[in-house]
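Work through the exercises below with the sequence and the three-dimensional structure in view. Try each task before you read its solution.

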Amino acid sequence: MAFVTVVDSNSITKAADKLNQTVSGVSRALGRLEEKLETSLLSRTTRRLALTEEGEAFLVHARNILASVDEAEDQMAIRRQQPAGLLRVNAASPFMLHTIIPIIGDFRRSYPQIELELNTNDHFIDLLEHKTDIAIRIGTLRDSTLHARHLGTSQRRALAHPDYLSSRPPINNIQDLNHHQLLGFTQIDKLNEWPFNDEKGDLLRITPALSASSGETLRQLALAGEGIVCLSDFMTHKDRKSGQLVEILPEQTVKVLQPINAVYYRNTKLSARITCFLDFLSSRIKDML
């Protein structure tokens, strides 16, 4: 840049002014460049500067280098305005199906240059091992090495299909649940604590008559009339709105909220594509909880 500015200004002093540097600083820069190239680029006299033959040849490359830098900076600015590149998102299957998939069409239309890779896993994963940019985690975070962005909370409720309820004894209190088919989880035992107070004032721990590892499997079983489930609002909001699933004992339900966080490594600076995805998801998730 110093070399091209000197040539265009035909003066080291004028070039120094344009570059906001000292005259000696520009002279030293030219000297270092010539030393590196092992050739003289400018013939200097007290009155004028003239390009040597080598200087004429190098000037063409120097202008191309500066043009490439300008183009690269312009492209980075465009990427900040229009994020682009691969974005790998991991979430539990129910969250992916009921929260992320419904907004993907709008997101892709808003950010057509982002290439999405969506992966599901019902257990916490190692982000590096699974080459994941963002993981959505539901529940209390344990890994302090991760950065987290809080997206919202989701309440857990006991639910059943109307056909199941109409064919079974009425439910007026939690003791009546003993006469019903309760559907629970096989692997995350904490999820078999339902949001009702037992006789000790603790959350009610149920013994499932039928268990599954996936919340989505339990949801489908409940929709098929196989029993009562306890699931998060993010995966049942449409079912409750349509009447496909009905809440059990709403007046006796304890408000148990599950935090929803997006996590990424603490030493990773968020790129524009990650930021815009989290902003987009955060703005839409409120309508699904």
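**Exercise 1: a residue in the core**

Leaving aside neighbours within four places in sequence, find the residues that Ile100 is in contact with, where contact means heavy atoms within 4.5 Å.

Solution. Step one is to set aside the sequence neighbours of Ile100 within four places, and step two is to list what remains in contact with Ile100, namely Val89, Ala91, Phe95, Ile136 and Phe277. Before going further, note that this is a predicted model, in which local features need pLDDT of at least 70 and side-chain atom pairs count only at pLDDT 80 or more, while totals for chains, interfaces and linings use all residues. Residues are numbered from 1 along each chain as its sequence is written, and side-chain values use heavy atoms, with hydrogens and water left out.

Step three places Ile100 in the largest nonpolar core, which has 35 residues, and in which Phe95, Ile100, Ile134, Ile136 and Phe277 touch the most other members. Such a core is a set of buried Ala, Val, Leu, Ile, Met, Phe, Trp, Tyr and Cys residues joined through side-chain atoms within 4.5 Å; buried means under 20% relative accessible area, exposed over 50%, and partly exposed in between, with a 1.4 Å probe and protein chains only. Helix α9 (residues 272-285) gives this core its largest share, seven residues.

**Exercise 2: the overall form**

Which secondary structure elements does the protein have, and how many of each?

Solution. The count is nine helices and 13 strands, taken as DSSP runs numbered from the N terminus (helices are H or I, at least four residues; strands are E, at least two). The radius of gyration, taken over C-alpha atoms, is 32 Å, well over the 19 Å that the globule rule (2.2 Å times the number of residues to the power 0.38) gives for 289 residues, so the protein is more spread out than a compact globule. Along the principal axes, the C-alpha atoms fill a box of roughly 105 × 35 × 30 Å. Of the 289 residues, 41% are buried.
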